[in-house]
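Biologist: I would like to learn how to read a model like this one. Please take me through it feature by feature.

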Amino acid sequence: MFDWDWRQMLQDLIVYAGTNPWQFVYYVLLCLSPFFAISAYLSWQLAKQIEAKEKDKKRNRDVKPTLQRQDVKRRTDEDVPNSIEVAEFHKTEHSDSFFG
């Protein structure tokens with residue numbers, strides 16, 4: 001029923017392209033233009049995403065040292081025990097020991 005001769009169809013296409021080259025190029029571009037448009041749109045979206053990621057990375061790189069300095073200040077204020085806490089810690093530690 002659907003007995004296509006691919007070799008004959010290809011030969012007919014080549015003959016058509018040889019006899020009507022401008023019309024053949026027009027049809028090829030007409031068929032491929034939606035794919036070109038989709039490709040252009042997707043590459044534009046990808047470029048926007050890459051720029052946003054680079055901008056975010058640059059922003060994080062600029063902000064990170066500031067946050068690290070603030071974190072060091074915060075740690076030094078919170079983590080340094082005062083002398084009373086140190087004395088109480090040593091007192092309880094030695095009172096619970098076997099030899100103390």
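Biologist: Is Asp 56 buried, exposed or partly exposed, and why?

Modeller: Buried means under 20% relative accessible area, exposed over 50%, and partly exposed in between (1.4 Å probe, protein chains only). Asp 56 has a relative accessible area of 36%, so Asp 56 is partly exposed. This is a predicted model: local features need pLDDT of at least 70, side-chain atom pairs count only at pLDDT 80 or more, and totals for chains, interfaces and linings use all residues. Residues are numbered from 1 along each chain as its sequence is written, and side-chain values use heavy atoms, with hydrogens and water left out.

Biologist: Which side chain meets Asp 56 in a salt bridge?

Modeller: Side chains of opposite charge can pair when their charged atoms come close. The rule asks for a side-chain nitrogen of Lys or Arg within 4 Å of a carboxyl oxygen of Asp or Glu. Here Arg 59 meets Asp 56, at 3.5 Å from N to O. The count by this rule is 1 salt bridge. Arg 59 is partly exposed, at 47% relative accessibility.

Biologist: How many residues apart are Asp 56 and Arg 59 in helix H2?

Modeller: Helices are DSSP runs (H or I, at least four residues), strands likewise (E, at least two), numbered from the N terminus. Asp 56 and Arg 59 are 3 residues apart in helix H2, so about one helical turn separates them. Helix H2 covers residues 21-79. The protein chain has 3 helices and 0 strands.

Biologist: How many aromatic pairs are there?

Modeller: Rings of Phe, Tyr and Trp (its six-membered ring) pair if their centres lie within 6.5 Å; planes under 30 degrees apart are stacked, over 60 edge-to-face, and the rest tilted. The whole structure holds 3 aromatic pairs. One of them is Tyr 26 with Tyr 27: centres 5.7 Å apart, planes at 55°, so tilted. Tyr 41 and Trp 44 also form a tilted pair, with centres 6.2 Å apart and planes at 50°. Tyr 41 and Trp 44 both lie in helix H2, 3 residues apart.

Biologist: Which residue lies over the face of Trp 44?

Modeller: A charge sits over a ring if NZ of Lys or CZ of Arg is within 6 Å of the ring centre and within 35 degrees of the ring normal. Lys 48 lies over the face of Trp 44, at 4.5 Å from the ring centre. Trp 44 itself is partly exposed, with a relative accessible area of 48%.

Biologist: What share of the 100 residues is buried?

Modeller: Buried residues make up 0% of the protein chain.
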